[in-house]
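Here is a short report on selected features of one protein model. Please keep the structure open as you read.

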Amino acid sequence: MSESEVKLYYKNVSADVIGDEHGITKLEFEDLGDRTSLLIPQINKQRKAGKTPYRDLPYRPQIADQVREVVAEVKDGCEILVVLGIGGSALGNIAVQTALNPYMYNIDETQRTGPRMFVFDNVDPAQFASFLNWVGGKLDKTIFNVISKSGRTAETASQLMIIRQLLLEKLGPDGFHNQVVATTDARAGTLRNIATDAKLRSLEIPDGVGGRFTVLSAVGLFSAAMCGVDIDSLLAGAAAMDEKVSREDFAKNPAAINAAINHHYYNNGKRNSVIMPYSYALKDMADWYRQLWAESLGKRVDLNGRDVWVGPTPIKALGTTDQHSQVQLYREGPNDKLFTFLQVKDFGSDLAVGPAPDCADELGFLAGKNMSVLLDSEKKATEYALLQDERPCLTVLFDKVNAHTVGQFIYLFEVTTSFVGALFNINPYDQPAVELGKEATFALMGKSGSYTSDCTYEQFAEEIRARTDIDEDCLV
Ligand code: PA5
């Protein structure tokens, strides 16, 4: 049986479809091909030299084995799985869960193949308190998977400190040890120290893989495996896409084509990149993509140290929901966006619309039609409407949404990001601009000692307050 596939459809960015002003002409496409082709061997070489270790995650069976080992130890008797993490330590887990488990997974136990799952990637006290009130009586049936490369991230660290106290109070000294699985750096860092000290079960975040590229490591695989996702198929899907995105022939390499088109439009005034799944299951993939794109591609300096201030703005939308919210702007607002639809051929289940009531003959045309046909028609209708206004549209076509195709999609967009980074001549694997906000939070939360060689955290906090405390004179 042949596996389901994910493919990129790019006809609707061509000048033949949307005209010369906004479309890509044959000559331009050839030129994009020539320039991007030069990067393919370069990117393949970097990968072989071990410079992009995320590329090898589908081929490291020991990671999945370690995950399975911990799952086997904790799954029995676990009714609730809580992931504590943020950014790259949370978004992939959410996206995989939404994609591969039924909508009612947490509510309906007949639709569940593992524990209920919750991900906390925020420090909203009302949200967390409400959850802790609910989970308080079930702590011995709850596993907390704390994910943090450093362990110093204020959000995750504070969540961990709250649940540690709760577990110690409610379950005694063994509570923390038994109910927590730490996913962190293999050797160093605050969370590794905590895990060693409390003899926590632990999993490793691979060296050299930044948070937003870790979903195919223990970071994403543990919660997936706990909740019944076929992680071997997820990894096999990624490996299948690896073959395609390594192809040296530009015309056959979907990541190279996707990147070249995105880069072309960024340079031609379309600095916003809308991703719009027409599948509820894929809605959180748009969130995962948003972080991948933004943190990887938003950069001040290029690899030569020149100020470039580049980066397309990723925008998430959901079909059909956002047709009734965003499409007015998408059609009649500025033509400054590239649209990427996610379309699914086979939803696995379907529903026929019932007959129209006698008093509503005008709805008769919908009667008996499948909901999947309506969703598909809405995607085509929206795409058509955008094309009428010369808006470029790509489609990522899924045969089905399953672990194999989700693995393909993740890998396709990760490697696309590497290609766009190379086209911008920037480093897509760091996130230096995130640091200032993290350090400022530490200062405001009372950290002491030296922030820099000539500034303490206390002085830094004063400087922040001077600029951000509410000035009553400007409050109306
Ligand atoms: O992609 C990234 O590197 C970030 O989003 C991190 O994942 C995020 O900041 C959390 O960091 P940590 O895993 O150290 O807690």
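## Packing of α3 and α9

In this predicted model, helix α3 (residues 61-74) packs with helix α9 (residues 218-226) at an angle of about 40°. Their axes are 9 Å apart. Angles under 35 degrees count as roughly parallel and 65 to 115 as roughly perpendicular. α3 and α9 are therefore oblique to each other. The crossing of α3 past α9 is right-handed.

Which residues make the contact? On the α3 side they are Ile 63, Val 67, Val 70, Val 71 and Val 74. On the α9 side they are Ala 218, Leu 221, Phe 222, Ala 225 and Met 226. By class, the residues of this contact are 10 nonpolar, no polar and no charged.

## Ligand surroundings

The ligand is surrounded by 14 residues. Ser 148, Lys 149, Thr 153, Arg 212 and Gln 291 are the closest.

Polar atoms of the protein lie by oxygen atoms of the ligand in several places. A polar backbone atom of Lys 149 is 2.8 Å from a ligand oxygen. For Thr 153, an N or O atom of the side chain is 2.5 Å from an oxygen atom of the ligand. Glu 295 places a polar side-chain atom 3.1 Å from a ligand oxygen.

## Ser 372 in α14

Ser 372 belongs to helix α14 (residues 371-388). Leaving aside residues up to four places away in sequence, Ser 372 touches Phe 347 and Asp 350. With Asp 350, the link is also polar: the two side chains are joined by a polar contact of 2.5 Å.

Notes
Residues numbered from 1 in each chain as written. Predicted model: local features only at pLDDT ≥ 70, side-chain atom pairs only at ≥ 80, totals over all residues. Heavy atoms only, no water. Axes fitted to C-alpha atoms, helices over the stretch in contact; angles between N-to-C directions. Helix = DSSP H or I, 4+ residues; strand = E, 2+ residues; numbered from the N terminus. Parallel < 35°, antiparallel > 145°, perpendicular 65-115°, else oblique. Left-handed = near helix turned anticlockwise from the far one by under 90°. Contact = heavy atoms within 4.5 Å. Nonpolar A, V, L, I, M, F, W, Y, C, P; charged D, E, K, R; others polar. Near = heavy atom within 4 Å. Polar contact = N/O pair within 3.5 Å; in protein donor to acceptor, adjacent residues only side chain to side chain.
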